[in-house]
Amino acid sequence: MSTSQIAFLKGHGTENDFVIVPDPDNAVDLPASVVARLCDRRAGIGGDGLLHVVRSAAHPEARAMAGEAEWFMDYRNADGSIAEMCGNGVRVFARCLQRAGYVEEGDLAVATRGGVKKVHIAKGGDVTVSMGRATLPEDGVTVSLDGRSWDARNVNMGNPHAVAFVDDLAHAGDLLSVPPYSPAAVYPDGVNIEFVVDRGPRHVAMRVYERGSGETRSCGTGACAVAVAAARRDGADPAETGTPVTYTVDVPGGTLVITERPDGEIEMTGAAEIVAEGSIDRAWLETLIPHDPNERP
């Protein structure tokens with residue numbers, strides 16, 4: 001790849017799709033304006049978010065984790081804003097490292113803004129991510145849409161979620177804008193909102209509005225939040241029973257399997273694919289970078 005070109009890949013996890021920029025030395029400038037254009041489905045490459053693949057030691061936000069994880073997933077939402085974590089993104093990130101020959105099948109660790117995540121790449125199959133533990137703040141919100149209202153469970157997976165159980169996924173509307181919720185002070189930095197219906201015993205389906213991206217075909221942390229909320233609603237708490245609990249979560253882009261263990265650790269298993277690779281013209285990219293220090297990126 002010449003210095004006038006920047007390599008990129010395109011990948012998805014259960015159709016939650018990402019622009020991927022391999023940049024081991026953290027040499028590519030990616031302000032919010034550039035990320036938003038790259039994720040634009042008409043004027044850019046298109047994606048629900050961007051995975052910036054950087055060695056932990058080369059990134060100021062990840063250097064402290066370099067002893068635990070060689071690689072840092074510098075994740076951005078489609079609007080260019082920074083996010084703490086993306087579960088589907090971690091699986092695709094791991095697949096990208098495998099494809100490049102940096103890692104092989106088996107176990108690895110990935111640094112994220114939500115902490116170091118343990119990943120297992122199965123032989124010729126799915127990718128499992130240890131997503132950490134959920135916290136369940138007592139304060140929730142009421143989500144209201146088209147004359148209906150639902151009490152939503154507050155679940156934090158390193159990023160905030162509001163989980164609402166509904167009778168029909170169509171009640172979520174078109175999800176072109178963030179569904180109204182109150183009180184807004186519960187989520188001062190915004191929230192991902194999941195609408196959930198039952199499909200069978202320990203089997204649910206969901207739609208999600210992801211902050212900074214809108215409705216996406218899948219959300220890994222959202223699926224974990226939904227599984228935890230469903231388990232508590234169903235009276236299942238592995239910490240009390242000593243028995244793991246597993247939920248199948250259908251998303252528009254496929255299926256994720258979520259297991260919560262007695263120690264609170266949550267594992268997510270699903271597909272991850274790299275579908276294309278190419279190059280970005282550096283000269284075009286530089287036209288998108290604001291140079292006025294007073295200009296908002």
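## Strands β6 and β7

β6 and strand β7 (residues 127-133) pair in the antiparallel sense over four bridges. Pairing here requires that DSSP finds at least two bridges between two strands. Strands (E, at least two residues) and helices (H or I, at least four) are DSSP runs, numbered from the N terminus. V119 faces V129 in β7. Five residues separate β6 and β7 in a hairpin. In that turn, G124 has a positive phi of about 65°.

## Basis of the model

The model is predicted: local features need pLDDT of at least 70, side-chain atom pairs count only at pLDDT 80 or more, and totals for chains, interfaces and linings use all residues. Residues are numbered from 1 along each chain as its sequence is written, and side-chain values use heavy atoms, with hydrogens and water left out.

## Strands β5 and β6

Strand β5 covers residues 106-112, and strand β6 covers residues 115-121. They pair in the antiparallel sense over seven bridges. This pair is also a hairpin, with two residues between the strands. L108 stands opposite V119 in β6.

## Helix α2

Helix α2 spans residues 87-99, 13 residues in total. From first C-alpha to last, α2 reaches 19 Å, close to the 18 Å expected at 1.5 Å a residue. The expected span is 1.5 Å times one less than the number of residues.

Of the 13 residues in α2, 11 are buried. Buried means under 20% relative accessible area, exposed over 50%, and partly exposed in between (1.4 Å probe, protein chains only). Among the buried residues are R91, F93, R95 and C96. G101 follows α2, with a positive phi near 85°.
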